[in-house]
Amino acid sequence: MPGQVIAQANPPPDASLLPDSLLELGISLNTKDFLSPEELNAVRMFRRAADYIAAAMIFLNDNVLLEKTLTHDNIKPRLLGHWGTCPGLVMVYAHLNRIIRKTNLDALYVWDQVRHGAPAILSCLWLEDSMSKFLPEYTRDYPGLKKLISRFSAPGGFPSHINAETPGAIHEGGELGYALSVSFGAVMDNPDLVVACVVGDGEAETGPTATAWHGFKYIDPAESGAVLPIVHVNGFKISERTIFGVMDNKELIALFTGYGYQVRIIEDLDNLDNDLAASLEWALSEIKSIQTAARAGRPIVKPRWPVLILRTPKGLSGPKELRGELIEGSFHSHQVPLPGAKTDKEELQALQTWLSSYKPGELFETNGTPVAEVLSIVPEDTEKRLGMRRESYKGYIKLQTPQWDSLCAKKGTQESCMKAVGKFLKEVVKENPKTFRIFSPDELVSNKLDAALDDTGRNFQWDVASRGKGGRVIEILSEHTCQGMLQGYTITGRTGLFPSYEAFLGIVHTMMVQYSKFTKMASETNWRQPCGSLNYLETSTWARQEHNGFSHQNPSFIGAVLNLKPNFARVYLPPDANCFLSTISHCLRAKNYVNLMVGSKQPTPVWLNAEEADKHCVAGASVWKFASVDDGVNPDIVLVGIGVEVTFEVIAAAALLRTLVPALRVRVVNVTDLMILSASGSHPHALSDAAFDTLFTADRPIHFNYHGYPIELQGLLFGRRRLERISIEGYNEEGTTTSPFDMMLCNHTSRFHVAAAAIRGGALWNPKVTVVAHELESHVKHLAQKAREYILENGTDRDDIFATPVFDKND
C-alpha cells in the first residue's frame, strides 16, 4: 500500500467511545452572519487572490495572470512546493489582517508548516506589500508578481521553504515541531504581542510539539504577551492520515482541556469565514481578560488560555480529482497536485480549470495590482503588518553585563567554574530584568548555577511558589522546549542562556543547526539587523560524570558546533573560573553566533588572576610559563590542555616530569578558544601559520590533551603543516560509574599518559631523555597501573590526586 487508501475526500474520524458530555467542554459560539457582507467579501477576495498566487507559484514561469490559455511552455521545468496546507495558512493570514486593521492588534504569525506552506505566506506578503519594503524588486504590480511566481523554487528565487529571507519570519522550518515553543519564547517580556501559531496536524505528531503545548504554563500574563495556538487539522501527511485527523471532537477536546486550554473547534465548512472570524475574536477577548486580571493585580490561577482547532480539507479549493484519484481532501494534495502538468495535456487542462476558478481577472487590475476589495483588509499602519513587525528583524536590545573581574577568585585557590558563573548571572539578571532569561532543563541547581536564583526565581506559573514573581528562569525537562523558547526569545531581540548537562545537549543538535542556517541567511540579507547569539553552557561533563555512568558521558555537541559555518561557530573551553567569567561576559554580548562554553561544576584550581585571564581569553591560547621549563623557551615537547579537567592533568604531568626527568624541556600551552587551531584562513579566529608556530613551535612534537573526541581536533588541525608531529588524546568512549581519576585513566588523558607522551616526544630531540626514555615511560605506565589498582581496591581516588600541583620557582 504505497499511499493511504480512502473511500471519500476529507474522511471523518471514527467515533470514539468517550461520553458525549465532553463536548460541553468545547466552546460554542453563534457565528451566523458574524462578519458584515463587506468584510466577508473582502476576506474571501483576499483568500482567492492569495490562493491563486500560491498555486501559480508552484506551476507557472510565465502567463502568470492567465492572459492566454496555458501551454506546456508556461509550466516550470521542476515543480516544487506544497499546496495542501496553503489554503488554511492563507485563511488564517486573511483573518488576522482583518482583525489587525480593525483593532490595531500587535501580532506575529508563526507557522509550524513553514517547510510546507511557503507559497501561502509569500503570496500574502506580496498582497500586503511587505515584500517591496525589504525586496524592492518584488513590487506590488505585474512585474513584481511575475518575479514572485516565476522565481519561486527556482535558482536565484525564493526556496520552497520559508527562511530568513522571508519578511516576518522568525523560525527556520526545515525540522518540524519547534514553532510553538519559538512562539512562547517570542512573547516573553513582550506584553503587548500576540503570536498566532499555526501547528499542522502532521507537525503535532512530533516530540518537540508534544511538550510545547505546556508552554503557556511558563507565561506570566502580567509581564508577557500571549500565544494563540491554531491547530490546522487537514487530516493527512505525505501519504497517510494524521493522528489528530483520526481523532473526533470529543477526543481533541479532552486532550486539550486536560492540557489546560479552552478549546474552540472550527469546522463549519459552509460558513468557514464567519466561524473563524468569530473564533479568533473570542480567543483574543479571552487573552485580554486573562492579561487584564493579572495586570490589575488579580491574576487568575491556572487561567485557561484559548486554542483553536481548524478542521479543513487538505488542499481546499484545489483540484477535486484526477483519473479517479481524489486530490482535494486527500494526501494527493500534499505537495504538487498535478505533477505532470509540464508534459501531460490532461493535467495541463486541469491546471487551467483550477487556476481559472479563482477568477484572477476579478482580483487584479490590468497592471497586476490587487483590486481595492482585496486590499481593504490589509492593515493601514504598515508597521502593524505581519511582514513588517520590527520584532522579526530589528528588535535587538543590547545586554548590560557587569564587570566580571570584580567576581574573580583568588589565583591559587580552587573554585567551581559554574559557581563563579552563577554569581555573574545573578548580576546580569539585576541589570537586565526584562531582557535576559535562562532556559534550563531542570538542572540549574544541579549544575551549581543556583546563585542565579538568589535575586530571581523560576517562572513556572502553575506553581504557587513561583507564580507572578517575574522569575528569569524557565526550567522544563525538555531540551526541545528550552531550545525553541531560547530561539524565539533571541531572534526577537533579547538574550538568553541554555545551561545543560553536556551529554544531553545533543538532543537539540539538529535544531541548533537549523537556527544557524537561519542566522547565515539573515546575515546575507541587507535588511535584517543582528540579534543576540545562541549561548550554550555545557557542564556536568564526562570528566566528572563518573557517578551517573556511561550514559552521561558524551561531549559530541562540540563536534556539532564545529560543523557549522565558521563565521557563526564559537567553541570555548575556559581552563578555570576566572577565564570562564571573561568568556561568558563576551558571549552574552556577542551577536549572531552559536556560542558553546564547556566547563566543570566541581572546584578546580584557579590558574590565572583577572588580568591574566583577560589576556589569555583575548588571545585564545597562551604559553603557561609557570608550568613550563625556562618559561617555555626552546622546548623539547609542547603539552597542550584544552578543557578544565584535562588541562589539570597536563599541569600535573608537567610537575611530575620536573621530578622524573629534569632534563626534559617542557612547554605547556592552554587553548581556551578552540577555533584558533583551525587551518589558517578557515575561521575568523584561526591563527596564522606564523602565529601557530610561535605558540606550538615550528618543529617540536606536540601532544594535545583534549576534552572532546580526538577526531574533532584532527579535523580542526587538518591543513596545518607537519601534522606528523602531533599526537592527541581525548574522550574515547570509555566510561562507567567509577572515580573521576579513573575516567582520566581509561580515556588515556591522565597525567601519566600525558607524561608518557612527553617522554616519547622529548626523546626525539633531547639525547639526555633518549637514553632513559624506555625506562621512564615504563615507570609512568606502572604508576598509572598502580593508581588503577588503588581505585579498584578502595573505591575512590587517592586523597591527594586533585591537589593543585606546585612548581619550584627555581626549577
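A residue counts as buried when its relative accessible area is under 20%, as exposed when that area is over 50%, and as partly exposed in between (1.4 Å probe, protein chains only). By that rule, 7 of the 7 residues of strand β5 (residues 305–311) are buried, so the strand is largely enclosed by the rest of the structure. Welcome to this predicted model, in which local features need pLDDT of at least 70, side-chain atom pairs count only at pLDDT 80 or more, and totals for chains, interfaces and linings use all residues. Residues are numbered from 1 along each chain as its sequence is written, and side-chain values use heavy atoms, with hydrogens and water left out.

**The chain as a whole**

- The chain holds 25 helices and 20 strands; these are DSSP runs numbered from the N terminus, with helices being H or I of at least four residues and strands being E of at least two.
- A compact globule of 811 residues would have a radius of gyration near 28 Å, and the 31 Å of this chain agrees with that; the radius is taken over C-alpha atoms, and the globule rule is 2.2 Å times the number of residues to the power 0.38.
- Along its principal axes, the C-alpha trace spans about 95 × 60 × 50 Å.
- Of the 811 residues in the chain, 62% are buried.
- The accessible surface comes to about 29600 Å², and carbon and sulfur atoms own 51% of that surface; the areas come from the Shrake-Rupley method with a 1.4 Å probe, and for residues only the protein chains shown count as cover.
- Among contacts (heavy atoms within 4.5 Å) with a separation of 6 or more, 79% join residues 24 or more positions apart.

**Strand β5 and its neighbours**

- Both faces of β5 are covered: W305, V307, I309 and R311 lie on one side, P306, L308 and L310 lie on the other, and all are buried.
- Strand β3 (residues 226–233) pairs with β5 in the parallel sense over 4 bridges, where pairing requires that DSSP finds at least two bridges between two strands.
- Within that pairing, V231 has I309 of β5 as its bridge partner.
- Strand β4 (residues 261–266) also runs parallel to β5, with 6 bridges between them, and I266 stands opposite L310.
- Together, β4, helix α9 (residues 272–295) and β5 form a right-handed β-α-β unit; right-handed means that, with the strands pointing away from the viewer, the path from the first strand over the helix to the second runs clockwise.

- Strand β12 (residues 534–539) runs parallel to β14 and is joined to it by 5 bridges, with E538 bridging to V598.
- Strand β13 (residues 569–572) is parallel to β14 too, through 4 bridges, and V571 has L596 as its partner there.
- From β13 the chain passes through helix α17 (residues 577–589) to β14, and this β-α-β crossover is right-handed.

**Nonpolar cores**

- A nonpolar core is a set of buried Ala, Val, Leu, Ile, Met, Phe, Trp, Tyr and Cys residues joined through side-chain atoms within 4.5 Å.
- The largest has 184 residues, of which Y109, F256, L674, L677, F696 and F704 touch the most other members.
- Helix α1 (residues 37–59) gives the most to this core, with 14 residues.
- Another core, of 61 residues, lies apart from it, and its members include L537, V629, A652 and A763.
- Leaving aside residues up to four places away in sequence, F696 touches V638, V640, R667, V669, V671, L677, L687, I702, F704 and R725.

**Residues to look up**

- Most residues other than glycine have a negative phi.
- D33 has a positive phi, near 55°, and sits in the segment before α1; its relative accessibility of 56% makes D33 exposed.
- N104 also has a positive phi, near 65°, and lies in the loop between α2 (86–103) and β1 (107–111); at 45% relative accessibility, N104 is partly exposed.
- K102 belongs to helix α2 and is exposed, with a relative accessible area of 52%.
- Not counting residues up to four places away in sequence, K102 touches E39 and E281.
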